[in-house]
Each structure stands twice: as C-alpha cells, then as structure tokens.
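Thank you all for coming. I would like to take a few minutes to walk through one model, and please keep the view open while I speak.

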Amino acid sequence: MKAAFLTGHGGNEVVAVGERPKPQRGPGEILVRMKAATVNRVDLYMRDSGAGITHALPQIMGVDGAGVIEDADSGALIGRRVTLYPGIVCGACEFCNRGEPVLCAKMSLLGEHRDGTMAEFVCVPAGNGLCVPDNLDFAQAAALGVNYLTAWRMLFTKARLQRGETVLVFGIGGGVSLAALQIAKAAGARVLVTSRSAEKLRRATELGADATVNAPPDGIAREVMDLTQGRGVDVAIENIGGPVWNAALKCLVRGGRIVTCGATIGDQPPADLRRIVIRQLQIFGSTLGNPDEFSELLEWCAAGRLKPPIDARYPLEQVGAALAHLESGAQFGKIAIDI
Ligand SMILES: [Zn+2]
C-alpha cells in the first residue's frame, strides 16, 4: 500500500512516499481505508529527531486521520465513516481503569510509537474508530483527533470553563489555539486572542474572537487588563512557553486558571511563585484527551456548533510540502493530507 514514512531523522529528505506492507487486522480491530490526515507539530518533531519517543524506522507518519471501515469483526461496522482516536491504550492499568486512558503509561500513539495515519490502510482497536457526523468531510474529521481534542480537554476537563467567562488564547492561528477559540466561543465564553500577525487577528475576529492583542510578550498584560477593565481573564490557554508564560500569568484574574499543552519557544520560564501563591492561580498541564471527550466533541460537531477550518490540502505525494507549510507558521487552520 502507499504511505508517507520516515526513513531517518533530519529535514524533509527523510520523508518518503512509497510502498509499505498493508497491515493485517487482528481480532477486535478495524481495518480503515484512510481518506485524510492532517499535519501536526509532532510530525515535525518526529521527522527532525523523535527524541524520547520509542519508535523504529521506517515508520509511517500521521497522528490524526479519518476514513472508512473496510473490515471488522462485526459486519455492521463495515462502511462506517470514522475518525481515529490516536492512542492505543492497555485497558488494564490504574489510569485506564479509572476512566483516564489518556494517562495510560503504556499508551502507543499513531505516528509516534507506531505506524500512523498517512497510509492507504490503518488497523486499530475497534474502540479507536469514532463515528463521523455527516456534516464533516474527512479532512475536517481528521483535524479533530489531535488539536480539537486537546483544546476540548484543556477548556472543559482542566479549566472547567463556564459560560460568560473570559478566555485568553495565545498565538492564534496554530491548531490548538484556533480550536480553543472556536470551542470557547461555542461554549458561550468571551474570547481574547493574541498574535503578532494583524492578518491572523483579522481572521480570528471573523471566527468569533471578541478582542485581539498584537503586542510583544511584555506588552500583552497591559492590553489584556485594558480589555477587561483591569480585572484579568478567567482562563489562559497557552502552548508557547518562554516569555509568553510570564505574560499569561499576569493576565489572570485572582483564582484564574492557566492551561498549557506545549512550549514551542521554551519550556523553562520563570515560575513567579509569589504571584501564583498570592493570587491563588491554578496551573494545569494537558495533552490530547480521552475517547469520551472525543465523543462529546463529535456531538458538538454533529449539532453544527463547531467546524474546523482547513487552510490547505495536499495529496499524500506532497506531504513534504505540507510539512514545510506547517513549519512556516503561515497557516490559519489545519493543513490536510488527502489520501
Ligand atoms: Zn492503561
């Protein structure tokens, strides 16, 4: 079968598109004929080093994806449109048993620890295939599996966002940031977004952002305080790190919550413990989400409350160009791979 896979670590020259063995479906698994995937930051990380993530080359790329079930134990599943939950979990550890499989210490992620979604076929446990609502195409359905699921868990499970609260989303344009904007708006929050790109802020406003901030890190807090009558925001959604982390802490109202799911420009910012203590701030780390959370997200999509914007689509043969597009940071919305 045709697939996009890594032959080594480095730049785009280690990304190959060619033949790989078709996976053999085991008991309890579904064989999915893939239709679309999207590229994520972690694909760049896997391409460039994959350090700290146990994997063997060559490995097929792609963490999220959607397609049609071609074979399954139950004939009733065949032909069903599904989007894939990217984590294959043990189902037996303390975390799996208490309904938090996303914490499973043995979790194996598509495109990270095992062959991924940028292939004609993928085999996963049947529970990893979630039904796609009719109003989403395959690229939109694929887009949900990493960024939207991550943002969903950050806002609802971690920050316990309430209608009418104010959310500050850093670095709008990135996958998780855009997802957080859309989900928070759909939940009835007021949403402020930051970017250094006036064009991205304009597009975020079109997507529902209530106010925008275009300032260097040390100027963000002042603008956010102006936009909130000196109060600060209830929730900050952050995945940049470095100097932005400190700015984010300064934007929070007393008792406010900050949720981080990454650190693209630095993972060792000053902690500002005095501010955290005196203002009783709450800090959450988060990554991905549970299948149950994914199901709720899909229900919102089915109800027309959410639809991921697709910035660009590339055929599988041009996965290198799609990765370069992601790396450029110029995108606004997901970059999809049609398979
Ligand atoms: Zn487990």
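I will go through the metal site, then an aromatic cluster, then some salt bridges.

A word on the basis first: this is a predicted model, in which local features need pLDDT of at least 70 and side-chain atom pairs count only at pLDDT 80 or more, while totals for chains, interfaces and linings use all residues. Residues are numbered from 1 along each chain as its sequence is written, and side-chain values use heavy atoms, with hydrogens and water left out.

Let me begin with the zinc ion, which is coordinated by the SG atoms of Cys-90, Cys-93, Cys-96 and Cys-104 at 2.3 to 2.4 Å; donors here are N, O and S atoms within 2.8 Å of the metal (3.2 Å for Na, K and Ca), and since water is not among the atoms, sites may look incomplete. Along the chain these donors follow the spacing C-x2-C-x2-C-x7-C. The angles among the four donor atoms run from 105 to 116°, and the site is tetrahedral, a label that four donors receive if all angles lie between 85 and 135 degrees. For reference, the ideal angle for four tetrahedral donors is 109.5 degrees.

Turning to the aromatic residues, Trp-152, Phe-156 and Trp-300 form one cluster, and rings of Phe, Tyr and Trp (its six-membered ring) pair if their centres lie within 6.5 Å, with planes under 30 degrees apart counted as stacked, over 60 as edge-to-face and the rest as tilted. The count by this rule comes to three aromatic pairs. One of them joins Trp-152 and Trp-300 edge-to-face, at 4.9 Å centre to centre and with 80° between the planes. Both Trp-152 and Trp-300 are buried.

Finally, the salt bridges, each a side-chain nitrogen of Lys or Arg within 4 Å of a carboxyl oxygen of Asp or Glu: a search of the whole structure finds 17. Among them is the one between Arg-25 and Asp-73, whose closest N and O atoms are 2.7 Å apart. Arg-25 is partly exposed at 27% relative accessible area, whereas Asp-73 counts as exposed at 53%. Arg-25 and Asp-73 are also linked with Asp-71 in a network of salt bridges.

Definitions and conventions. Four donors count as tetrahedral if all angles lie between 85 and 135 degrees; four count as square planar and six as octahedral if opposite donors are over 155 degrees apart and all others between 65 and 115; anything else is irregular. Buried means under 20% relative accessible area, exposed over 50%, partly exposed in between (1.4 Å probe, protein chains only).
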